[in-house]
Amino acid sequence: MTGLLPKAGLQLVLFLLVAPLLSGIIKTLKARLQTRRGPDVFQSYRDIFKLFRKGMVIPETSSWIFSATPYIVFVTAALVGLMIPLITTDAPLSLFGGVLAVVYLLALGRFFLALGGLDTGSSFGGIGSSREMTISAIAEPAMMLAIFTVALAANSTNLSEMAKVAVSQSWKFLAPSQMLAFAALFIVLIAETGRLPVDNPATHLELTMIHEAMVLEYSGPYLALIEWGASIKQLVLMTLVVNTFFPFGLSLDWTARGLALGLVFYFVKILVLASLIVLVETTNAKLRLFRVPELLMVSFILGALALISTFLF
Amino acid sequence: MSTLPVGATFVLSLAAYSAGACASLASWRKPAMARYICCGAALAGAVMGGLASVFGILQGAPVRWSVPSGIPLFAYSFSYDALAGFFNLTLAILAIAVSIYSFGYLKEFEGRRNIGFFGFLFHLLLLSLTIVFTAANAFLFLIGWEVGSLAAYGLVTFYHEQRESRQAGLLYVIMAHADVGCLLLGFALLIQGSGSAEFASFHTAAAQLSSGRQSAAFLLFFLGFCIKAGVIPFHIWLPAAHPVAPSNISALLSGIVIKAGIYGMTRIFLDSLGGVPSWAGLLVLIVGVVSAVLGVLYALMEHDLKRLLAYHSIENIGIILIGLGAALVFRVAGHPQLAAVALIAAMFHTLNHAIFKCLLFLGAGSVLHSTGTRNMEKLGGLIRPMPVTAFCFLIGAVAISGLPPLNGFVSEWLTYQSLLAGFGATGGLTRILFPLAGSMLALMGALAAACFVKAFAITFLALPRSAESRTCHEAPRSMLVGMGSLAMACLVLGLGVTWFLPVFNALTEQLLGQRVGTNLISGHGLVLSAGTPHGGTVSTAVIGIGLVILLIPTVLLVSIGARRFARRRGPTWDCGLPGLSEDNEYTATAFSKPLRMIFSALYQPRREIQAVFDVSPYFPKEIRFESEIEPTFEKRLYLPLKDLVLWFSIRMRAIQAGSIHAYLAYIFVTLVLLLLFGVRP
């Protein structure tokens, strides 16, 4: 328990700072791949800073749920950030919530975000909430199967334990079960973070949008909290994927040298995963909404195969 | 430990319920007095029952009484052990909240309905449940069971002038008797083996039964208890009967009456039947998964608030069965420690579901009380006139969706952990089944969250959709206290689960010989660990504290940022049209449309759209929209069954000639046959 606060503080600051940067990097990479110049990587910081200093318009029809939602979305995402191993295997709050708590805390944020969308009384919010809850419901079983495959291999649902086991067998990701689970989780990652081909983060067209529709009525600091929270959630899920499947460089303790090395490795891994996402986003068109369940079904089957292959090999 | 007055408090609680039943009936001419007697006596009985259960749980050792009746096989035997104590505790918590709630709720019955008769049935229901949970004699158990069913029938048909109520009541009473028939046969098998109807005698007798009879007994009991608990495919009475009853009764029906089925399974499978067949646990598990997934899928399609809640009862009973099935599997496989964790998951979810489902039904009752409608499409915006009800309903909605840090999360977490443990504890292909069941649990969790976003948002948020929801008012204070106490219980059992866990020590020791409960607590009494080989740890208390700690700087950040501009209220974006109205809002039907399309193979949705045009087809004057989903089980299973019964009855009419001579001949022939059967060597 000693040193819990500094550890938690350090990890929290890292998460809060890296999350917008990652969103910026993905935007820039995507623009370059589409032969555009695009915004520079620090644009997300400027957006958030600017939003925090702007005024807010709250819909007349809304209740306190609308105002409480941004806080809940942000706080749950930040708390989850303390539960997963970032640059060391020893996550500050790992003892107090394993992978199930992570998934369900993110679900708590989503629950309120959907309520906030419906609270405005506009159809856009309703469309977004309905689609978000639907897609997450279909994504959840696939996600759990992939997570269970890893948890069963590590003998624990505790993320620090999972990371320690992963570090001790770094090359295990070549095992068929791990590769299948990674493929399953990658599809879920795309769906959960609202990226193409499931949702288009760059559009405000009512026929295609999901996340943007829910937050249409938010402005000023509330919007900043939601956008920041969404980028933290994206970083959390990506970190979860890279550190459970490719645990190279994770420091086993909180020494300065280990941390520095861990940080370098972490950035490299995250950049590779981000490039992979950018590649998928650029080479795929958005799927029709009712095609998304098929994609997620593929993910579910991959997860089931991963599980069966744990059993076989 | 000195002996605590378990017996005295228990008898006082029975006496309070009995006296309440008689006194309510006697004062039926004075509605106000009947109301006070009904609620007051129920409150007294529930408090006494609660004390008895707390004493019983603290005492640990079972307390038994038996009064011989003079009738063969029948005795007034009671046994107050850990399992009885736990279910009585659940009953007492709900009964206390519901009786406080009823002080206000029954007021509108005054002068319109017979409160005396209502009170009589209400007390009878509570009395019979107390007897069911403590009976140690098969016949006493069955009498309690049957009286409970009849009292519930009376309450379901309380609005008997409505056709819907009468039909639901008829369906309920038919299913209740199918269920009691199965139990009677099951007990007959056991009594035949042991020669006694005492539960204590079954243990050794069941072990000596042939495996065929053991399986038959298991299946009969399982069928009977499944019907009571509303497990799919025996569920059809539940979404019909629970919504039509008065709301305080719906809360009890979904909260505790169906849990009698769970109690029966736990009592018979883990206690009385020494060993169940090895496939039994898997059967319970699979039935649980199917029931839970289908239950939540049907719930999503409902826009009647109370029917939606009723379908969620089916889902949650399924989740309880998953835990119970895992416990049975582990016990047969020789892992009593894991079985104990799975049993705790099932029992804790029983208590949690009882609390939040009762809370949600009471919330729905307040909405119905003040708006007069259960149809969500006519509600909306109730969070402004009814802030407290809305807040309580929100707590219930978060809890039932299994979201941290409330109680539903904890029991689902424990269920996940037992399922993961099942992968290591079993062999062969069955081990794959456990993580798959886990992924289905994830699916139902997410679908339940979607459903409660719909239920809460369409009912309480945005703009009112009808005149009734515009002019409604907050519920009376006693109703709010009833709901508030249950909302508090959701918080306390969620954040303070580690304080509550020792309750399971005696329960697991009694049923599985493993004292599990306190040893799952670690980390300064804050952390709950699964105690299983594939387990993990969680702490809802730290999650709760963490959320609050992180909230403080966030609020500061926003208030510093927003300092420069006042926050303005403005209209919602209306796409340039002249203002939004309730017609622009998303509806419950629209919200569930994507899921209706994705699962169309199950729902077989049918829809009809008729538009009336004036000039151009782009500007319809009127649109009539009709949509319905196919009630698969009613149509494919029960309709053919009903036809078969009717066909058989028509054939039987041939011997019902109506002639007294024929009937006398039947009686004579039956008598001769019985005598022959009786004197058979």
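Is A:Asp90 buried, partly exposed or exposed? A:Asp90 is partly exposed, at a relative accessible area of 27%; buried means under 20%, exposed over 50% and partly exposed in between, with a 1.4 Å probe and protein chains only.

A word on the basis. This is a predicted model, in which local features need pLDDT of at least 70 and side-chain atom pairs pLDDT 80 or more, while totals for chains, interfaces and linings use all residues. Residues are numbered from 1 along each chain as written, chains are lettered from A and ligands numbered from 1 in written order, and side-chain values use heavy atoms, without hydrogens and water.

Now the salt bridges, meaning a side-chain nitrogen of Lys or Arg within 4 Å of a carboxyl oxygen of Asp or Glu. Over all chains there are 24.

A:Asp90 pairs with A:Lys7, with 3.4 Å between the closest N and O atoms. A:Asp90 sits in the loop between α3 (64-81) and α4 (99-119) and A:Lys7 in helix α1 (residues 4-33), so the bridge ties together parts 83 residues apart in sequence. Helices here are DSSP runs of H or I, at least four residues, numbered from the N terminus. A:Lys7 is partly exposed, at 22%.

The next pair is A:Glu281 and A:Arg195, at 3.1 Å. A:Glu281 is buried, at 2%, and A:Arg195 is buried, at 9%. A:Glu281 belongs to helix α10 (residues 256-283), A:Arg195 to the loop between α7 (176-192) and α8 (211-214), 86 residues apart.

In chain B, B:Lys635 meets B:Glu630 at 3.3 Å, N to O. B:Lys635 is partly exposed, at 44%, whereas B:Glu630 is buried, at 11%.

Technical notes: Helix = DSSP H or I, 4+ residues; strand = E, 2+ residues; numbered from the N terminus.
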